[in-house]
Amino acid sequence: MKYYIKTFGCQMNFNDSERIKGMLQTLGYQEAKDWQEADIILINTCTIREKPDQKVFSHLGEYKKLKEQNPKALIGVCGCLAQRMGFELIQKSPVVDIMFSSFNMHQLPELIQQAQAGYKAVAILENPPDDEDKLWDYPTVRDNPYCAYVTVMKGCDKNCTYCVVPKTRGRQRSRSLESILKEVRDLVSDGVKEVHLLGQNVTAWGKDIGKHFSELLYRVAEIDGVERIRFTTGHPKDLDEGIAKAMGEIKKVCEHIHLPFQAGSDRILKLMDRGYTKEEYLEKISMLKEYVKGITFSTDVIVGFPTETEEDFEETLDMLKKVRFEQVFSFKFSPRPDTPAYSMEGQVPDQVKTQRMSRLLQLQKEIMGEVAKSYEGTIQEVLIESIEHGNKLIGRTRTNRWVSMEGGVEMLGKVVKVKVIRSYPFNMECELV
Ligand code: SAH
Ligand code: SF4
Ligand code: F3S
């Protein structure tokens, strides 16, 4: 029996799919090369903006052809859209046999049995069940042998007014320290060198179990064999001095942080309910620079939030100029059903969003060009992750920049020093030192 998983959305969804693959392999399934040869197809969905919603239905239209050749084949939809739409999704697309969300991933074995018996297997609950931690008993199946994601919390306790995540993933549930450390130890004994701790707001990890995120960093760093630690996503409000200090003290923590600011205008930040001002965000950046020498930043920005004026937008551009992010992920505001921003007055016309977006991209392109140039001639530490065409090594710097260089397979998984010869916005050509 073979499975095929199509994943949309963020790194958490990606890691959920790795776990689902682990569950399916435990059940005896193997990964199919393409969906046409699968016995079960799962679409792990995202609903953060309108676009990913639409993609799911176009894929379902394609995948339903599978049942013509293989009438026993099963089609499932999981993830955030499944949680948001519930039964409505099956009504809209009766070809779906299995449905669950991140709350009930651990129930997949039973759901498959139900579907094989001819029932619609739907497990969509209002709240996460008490036994959801069973999920951690299953391994993950990863493509990258050296860098691994580790989910350290589920859900999110914030209430950003544009965001569906607290609804689709529920309130924050921190995974226990023991459970996380066990997974990290297992990964290391499997050859992993870099662990990437994941959560919608990892900087708030522990708050619901009487712990602090810095403790998690120190404890993961104690594990022999872990060479590098990264984490995503940080929230400016929860990023405190304790975390900055830990990042600076622990050599294994990479000098990079993804810290979304979303908007530069204090008025818009307030409407978004982000819980900080532009000034406070910039103070966090200064604090991080003080504790973590050479730290680099990336961020997320929303363009065209309701009532955003030209002046508000210029505050966002000003943030890009002040911080000089290595990477900016920018999104046009997309009104999501059942969120407060959906029905706010003063929705910005799409044409205005598009114009602002292209100005933002133009500015960031210039900044990135300059940032990239500043790397030329420097020495960087790189973890070699893969090889292309037999002699082109691909890796990442501690500051999260992709590099390529000549070398052989014996270099895979090694942490090496390189000199940057030429640097472009998304890649750097390097030489081994
Ligand atoms: N937990 C993370 C973000 C998760 S969603 C954080 O708080 O930083 C990833 C990004 O999608 C967000 O940072 C935001 O920039 C964007 N986003 C979320 N909801 C959106 C919406 N309704 N419209 C446009 N962009 C949105
Ligand atoms: Fe959404 Fe805000 Fe939570 Fe991020 S912090 S997941 S944007 S509610
Ligand atoms: Fe999308 Fe859910 Fe992640 S809505 S961005 S897959 S948390």
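Modeller: Domain bounds come from an automatic or database domain assignment. Here the protein chain is divided into domain 1 (2–123), domain 2 (132–374) and domain 3 (379–432). This is a predicted model, in which local features need pLDDT of at least 70 and side-chain atom pairs count only at pLDDT 80 or more, while totals for chains, interfaces and linings use all residues. Residues are numbered from 1 along each chain as its sequence is written, chains are lettered from A and ligands numbered from 1 in the order written, and side-chain values use heavy atoms, without hydrogens and water.

Colleague: Thanks! How many Å apart are the C-alpha centres of domain 1 and domain 3?

Modeller: The C-alpha centres of those two domains are separated by 36 Å.

Colleague: And how do I read a ligand shell? Which residues are around ligand 3?

Modeller: A residue is in the shell if one of its heavy atoms lies within 4 Å of the ligand. For ligand 3 these are Cys-10, Asn-13, Cys-46, Thr-47, Ile-48, Cys-80, Val-165, Arg-169 and Gln-200. Domain 1 and domain 2 each supply at least three residues to this shell.

Colleague: How many nonpolar residues does the shell around ligand 3 have?

Modeller: Ala, Val, Leu, Ile, Met, Phe, Trp, Tyr, Cys and Pro count as nonpolar, Asp, Glu, Lys and Arg as charged, and the others, Gly among them, as polar. That gives ligand 3 a shell of 5 nonpolar, 3 polar and 1 charged residues.

Colleague: What surrounds ligand 2?

Modeller: Its shell holds Cys-156, Lys-158, Cys-160, Tyr-162, Cys-163, Val-165, Pro-166, Gln-200, His-235 and Arg-274. By class there are 6 nonpolar, 2 polar and 2 charged residues around ligand 2.

Colleague: On to ligand 1. Which of the 15 residues around ligand 1 come nearest?

Modeller: Those are Gln-200, Pro-260, Gln-262, Asp-300 and Ser-334. For polar contacts, look for a pair of N or O atoms within 3.5 Å. An oxygen atom of ligand 1 sits 2.7 Å from a side-chain N or O atom of Asp-300. For Arg-49 the corresponding distance from a ligand 1 oxygen is 3.0 Å, and for Arg-274 it is 3.5 Å.

Colleague: What should I look at in the backbone of Gln-262?

Modeller: Most residues other than glycine have a negative phi, and most peptide bonds are trans. Gln-262 has a positive phi of about 70° although it is not a glycine. You will find Gln-262 in the loop between strand S12 (256–258) and helix H11 (266–272); helices (H or I, at least four residues) and strands (E, at least two) are DSSP runs, numbered from the N terminus. The peptide bond from Thr-232 to Thr-233 is cis, with omega near -5°. Thr-233 belongs to the loop between S11 and helix H10 (241–249).

Colleague: How do I read the sheet with S7, and in what order do its strands stand?

Modeller: Two strands pair if DSSP finds at least two bridges between them. This open sheet has 3 strands, paired in parallel in the order S7-S10-S11. Its edge strands, S7 (147–151) and S11 (228–232), each pair on one side only. From one strand to the next, the twist averages 25°; axes are lines fitted to C-alpha atoms, for helices over the stretch in contact, and angles run from 0 to 180 degrees between N-to-C directions. S7 is joined by 5 bridges to S10 (residues 194–198), and Thr-151 has Leu-198 as its bridge partner in S10.

Colleague: Where is S12 in its sheet, at the edge or in the middle?

Modeller: The order is S12-S13-S14, again an open sheet of 3 strands with parallel pairing. S12 and S14 (327–332) stand at the edges with a single partner strand each, so one side of each is left without a neighbour in the sheet. The twist here averages 10° from one strand to the next. S13 (residues 296–303) and S14 share 6 bridges, and Val-303 stands opposite Lys-332 in S14.

Technical notes. Polar contact = N/O pair within 3.5 Å; in protein donor to acceptor, adjacent residues only side chain to side chain.
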